[in-house]
Amino acid sequence: MAPNDSAHTTEEARDLVAGRRKAARYLVPVGVAGVAAATIGLVPALAASGDPDLPKISAQQLIEKIAASDAQQLSGTVKIKTDLGLPSFGGLGSFAPKGGGGKGGSSASPDSKLMELASGSHTLRVAADGPDKQKLSVLDKASEYSVVHSGDDVWAYDSASNEVYHSKRAGDGKKELGGGAAKGHGPSGKAPESLPTTPKALAEQALKSVDPTTSVTVDGTSHVAGRDAYQLVIKPKQSGSTIGAIRIAVDAKNGVPLKFTLAPSGGGKAVIDAGFTKVDFGKPSASTFDFTPPKGAKVTQDDGKAHEGRGDKRFKGSAGSEFKGLDVIGKGWNSIARLDVPGGKGIPSAHSGKGGKGDVPPEAQKFLNSLGDKVTGKFGSGTVYKTRLVNALVTDDGKVFVGAVTKDALVNAANAAK
């Protein structure tokens, strides 16, 4: 080897290392940006070369493909993240949401337990084998909560409390575990119908809003859970909505929604981001849907009486008085529900009662205040309670205006209604 070969080799090595460092310095931010963009669902991917090359399809054809999807069998893992912008319930003490269905209730009851999915990040395991067998498990670091529908039985088990909930089939058998009507899927049970937990159930809810006020397009393709998918994008044409865009990744082969992302109009991370990380459309093992209460577990039998008439009380106040004057203002994504608070008064305060004692405990009042902005207008004065998705204006004279719209849209609606 020539005397200076070693020197040249060393210099080349240094140049190579320096080049890699420089490349890393520029590529890492690009990678982070790509992850962020995919998370909020604004673009299908930064590297278009990684997307599958699929036949062209129109938005109408893709919607029809979703409607026609009839996957009777599947199993997989779903990651769901929900960020409504609500403050922590930790400081509310006894007023924080708890498990159980009231007197004689169980912490394993799906009515309250699945509501925990309305905030934070969760990992779910799901499985289905036709209309009579489904299972949904919520995995925590040190515990697991499962709901199993098998034939006429709905079982739920909370390993943290070692409690079991059991009920017999009580509905029409057309509701999917985790909410949403589903063709060929669905136990009755007591899972909250208003809280969809799978991409399919979320997509079905979103597609109900498609009307002339909606823009629906196909925006490229992607890979989700190892499967080729089309990207369906739903956006409001109107201004004033808190919803920026909804992106649904649809399985190119069978039309099953694999991922659902709702991005707020105000920007930032997704309000809802739910998608499969693993999915298999084969037949799950029959043992998946077997359940026997663990030894020593407390078992609560639900005869259904606690739920009788619940639908008739949807708009009743805490004292049993019905909300009056329910009306809908506007159309499409800018629809606002208007109703009257029982008694014709606004939200009670912690100091509004006799002797300076109000109807709301101080902890709850602090929570309400953290959500609200005082506003005034032709309607008078009131408070706007806000999340990143749904906002509500409660006027001091007992009117409520609520919708997935901005604070200004609520104030305008209240002024127009005056």
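Asp83 is partly exposed, because its relative accessibility is 22%. The model described here is predicted. In this model, the side chain of Asp83 meets that of Arg388 in a salt bridge, with an N to O distance of 3.4 Å. The two residues belong to distant parts of the chain and are 305 residues apart. Asp83 sits in the loop between strand S1 (73-82) and helix H3 (110-113). Arg388 sits in the loop between strand S16 (380-386) and strand S17 (391-395).

A second salt bridge connects two strands. The side chains of Glu144 and Arg125 meet at 3.4 Å, N to O. Glu144 lies in strand S4 (residues 144-150) and Arg125 in strand S2 (residues 120-129), so the bridge ties together parts that are 19 residues apart in sequence. Glu144 has a relative accessibility of 28% and therefore counts as partly exposed. Arg125 also counts as partly exposed, because its relative accessibility is 40%. Both values fall between the cut-offs of 20% for buried and 50% for exposed.

Another salt bridge lies within a helix. The side chains of Lys200 and Glu204 form this pair, again with an N to O distance of 3.4 Å. Both residues belong to helix H4 and are 4 residues apart, about one turn of the helix. Lys200 counts as buried, because its relative accessibility is 11%. Salt bridges with shared partners also join Asp83, Lys269 and Arg388 into one network. The salt bridges come to 14 by the rule applied here.

Thr213 counts as buried, because its relative accessibility is 16%; the cut-off for buried is under 20%. Within the side chains, Thr213 and Asp211 are joined by a polar contact of 2.4 Å. Beyond its neighbours within four places in sequence, Thr213 touches residues from other parts of the chain numbering. These contacts include Lys235, Pro236, Lys237 and Gln238. Gly332 and Trp333 are also in contact with Thr213.

Conventions. Residues are numbered from 1 along each chain as its sequence is written. This is a predicted model: local features need pLDDT of at least 70, side-chain atom pairs count only at pLDDT 80 or more; totals for chains, interfaces and linings use all residues. Side-chain values use heavy atoms; hydrogens and water are left out. Buried means under 20% relative accessible area, exposed over 50%, partly exposed in between (1.4 Å probe, protein chains only). A polar contact is a pair of N or O atoms within 3.5 Å; within protein, one must be able to donate a hydrogen and the other to accept it, and residues adjacent in sequence count only if both atoms are side-chain atoms. Contact means heavy atoms within 4.5 Å. A salt bridge is a side-chain nitrogen of Lys or Arg within 4 Å of a carboxyl oxygen of Asp or Glu.
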